[in-house]
Every structure is written in C-alpha cells, then in structure tokens.
Amino acid sequence: MSTVLAFSPPLPPSLRLAQAIGIMTSAFLSGGVLAVSYGFVPSMAQAPNTLLVREWKTTYNRGAAASPALAIVSTFSFAYLSYNLVFTLNQHKAEVYALAALVTGSIVPYTLIFMKGINAQLNRKVQESKHLDRSDEFNEKEAKKGELSQDLLNRWATWNFGRGLLPFAGACLGVYASFYMTS
C-alpha cells in the first residue's frame, strides 16, 4: 500500500515559507548536533587528553554560536504557523505545529538543565590544559572514575545525542503537519 500525501487548500506564500524554514532549520540543527555526537566525538577520543578537551572546546564554541539562532528561527517558524492556523479549519495542524515549536525550542532548557554540569567539568579540563603543549597529557591518575577526560567526553556525547533528537522530532512533526495532515 502506498502513502498518499494529504493536500489541503493552498496556503499563502508566507505560511509556505514558514513551513520550509521551520522544517529545514530544525532538520539542519538536528543533523549538526547528532553528527558531533555520532561522528566527531569518536574521532576526538583518539587524541591525547590535552588535545581532546581543546578539540571539544572548539566544537562546543562553534555549536554554541550557531545552535541558538537555528533553534529560535525554527521555533518561531512553527509558532507562526500555529498562530496563523489556530482559528481556521486547520486547528489540528495548528496543534501539531505548536508541538513542533515546543519540542524544537526545548533544546535550550534541555541544554541548561542536563548539560550545564558536564560542560563545566569539561571547561575545567580545558583550563587545566592551557599551560601544556598539544601533545602533552595532563595528569588524570588522581581523577575518580567518571571524571577522566574520556569519560566526560563520552557522557557529554550521550547527552548531546539526546539533545539532537529534540529538533529532529520538531522537523518530523513539521513534515507531518505540512504534508500528511488534511484540514
């Protein structure tokens, strides 16, 4: 059985644009976040601990510079769609877009609640590595289990992967509302 896309009366260009922007930015954000956890972190793990934490910091800074803007654009695009459809025959679509906005925007509190501590621990490791050469290793012999650079990085990657699933869910909801729901 094949899937048939649901088409409702055409939306104005501003709403079509909001659909495209919301879906694309949330999917792009998700892809970037998930790629770091799944692709980049395992390769970082091969580096000496001094270089490992410095590479994490560079990656973190790039993500911190781009991710909030993408989350805001996507969240507001979905919220704009919801607001414009809430009092029409597209009430159910409006609710799904509202959920997409909520899920995508929840990447910010997720980061602050679940990742603030691990980010602080990794930042302390970065500060410890400042006076060392890239190939030198700092002493982690006295570090407790779970506080080694490698352990922290793995824990961060796991939390970051969960963080990347939020905008992915938002993109999926946006696609569903845009292409598979009838009014």
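Is the crossing of H1 and H2 left-handed or right-handed? The crossing of H1 and H2 is left-handed, where left-handed means that the near helix is turned anticlockwise from the far one by less than a right angle, and right-handed means clockwise. This is a predicted model, in which local features need pLDDT of at least 70 and side-chain atom pairs count only at pLDDT 80 or more, while totals for chains, interfaces and linings use all residues. Residues are numbered from 1 along each chain as its sequence is written, and side-chain values use heavy atoms, with hydrogens and water left out.

**Overall layout**

- The protein chain has 5 helices and 0 strands; helices (H or I, at least four residues) and strands (E, at least two) are DSSP runs, numbered from the N terminus.
- Read along the sequence, that gives the pattern α-α-α-α-α.
- Of the 183 residues in the protein chain, 41% are buried. Buried means under 20% relative accessible area, exposed means over 50%, and partly exposed is in between (1.4 Å probe, protein chains only).
- Take the contacts in the protein chain between residues at least 6 apart in sequence: 83% of them join residues at least 24 apart. Contact here means heavy atoms within 4.5 Å.

**H1 against H2**

- Helix H1 covers residues 13–44 and helix H2 covers residues 49–85; their axes come within 8 Å and cross at roughly 160 degrees.
- Axes are lines fitted to C-alpha atoms, for helices over the stretch in contact, and angles run from 0 to 180 degrees between N-to-C directions.
- H1 and H2 are therefore roughly antiparallel to each other. The cut-offs are under 35 degrees for roughly parallel, over 145 for roughly antiparallel and 65 to 115 for roughly perpendicular, with the rest oblique.
- Sorted by class, the contact of H1 with H2 has 19 nonpolar, 10 polar and 1 charged residues. Ala, Val, Leu, Ile, Met, Phe, Trp, Tyr, Cys and Pro count as nonpolar, Asp, Glu, Lys and Arg as charged, and the others, Gly among them, as polar.
- Tyr80 lies in H2 and, leaving aside neighbours within four places in sequence, is in contact with Ser14, Leu15 and Ala18.
- The C-alpha atoms of Tyr80 and Ser14 are separated by 9.7 Å, though the two residues are 66 apart along the chain.
- Tyr80 counts as partly exposed, at 36% relative accessibility.

**H2 against H3**

- The axes of H2 and H3 come within 8 Å and cross at roughly 160 degrees. That makes H2 roughly antiparallel to H3.
- The contact of H2 with H3 splits into 10 nonpolar, 6 polar and 1 charged residues, and the crossing of the two helices is left-handed.
- On the H2 side, the residues that meet H3 include Ala71, Phe78, Ala79 and Leu85; their partners in H3 include Ala94, Tyr97 and Gly105.
- Ala79 sits in H2 and counts as partly exposed, at 32% relative accessibility.
- Ala79 and Ala94 are 15 residues apart along the chain, with their C-alpha atoms separated by 8.6 Å.

**H1 against H5**

- H1 and H5 pack at an angle of about 155 degrees, with their axes 8 Å apart. That makes H1 roughly antiparallel to H5.
- The contact of H1 with H5 divides into 18 nonpolar, 9 polar and 2 charged residues, and H1 passes H5 in a left-handed crossing.

**The nonpolar core**

- The largest nonpolar core has 38 residues, and those with the most contacts inside it are Val41, Trp56, Phe78, Leu122, Leu153 and Trp156. Such a core is a set of buried Ala, Val, Leu, Ile, Met, Phe, Trp, Tyr and Cys residues joined through side-chain atoms within 4.5 Å.
- At least two residues of this core come from each of H1, H2, helix H3 (91–105), helix H4 (107–129) and helix H5 (149–180).
- Val41, leaving aside its neighbours within four places in sequence, is in contact with Val36, Leu153, Trp156 and Ala157.

**A spot on H4**

- Thr111 lies in H4 and, with neighbours within four places in sequence left aside, is in contact with Lys116 and Arg163.
- Thr111 and Trp159 are 48 residues apart in sequence and 8.7 Å apart in space, C-alpha to C-alpha.
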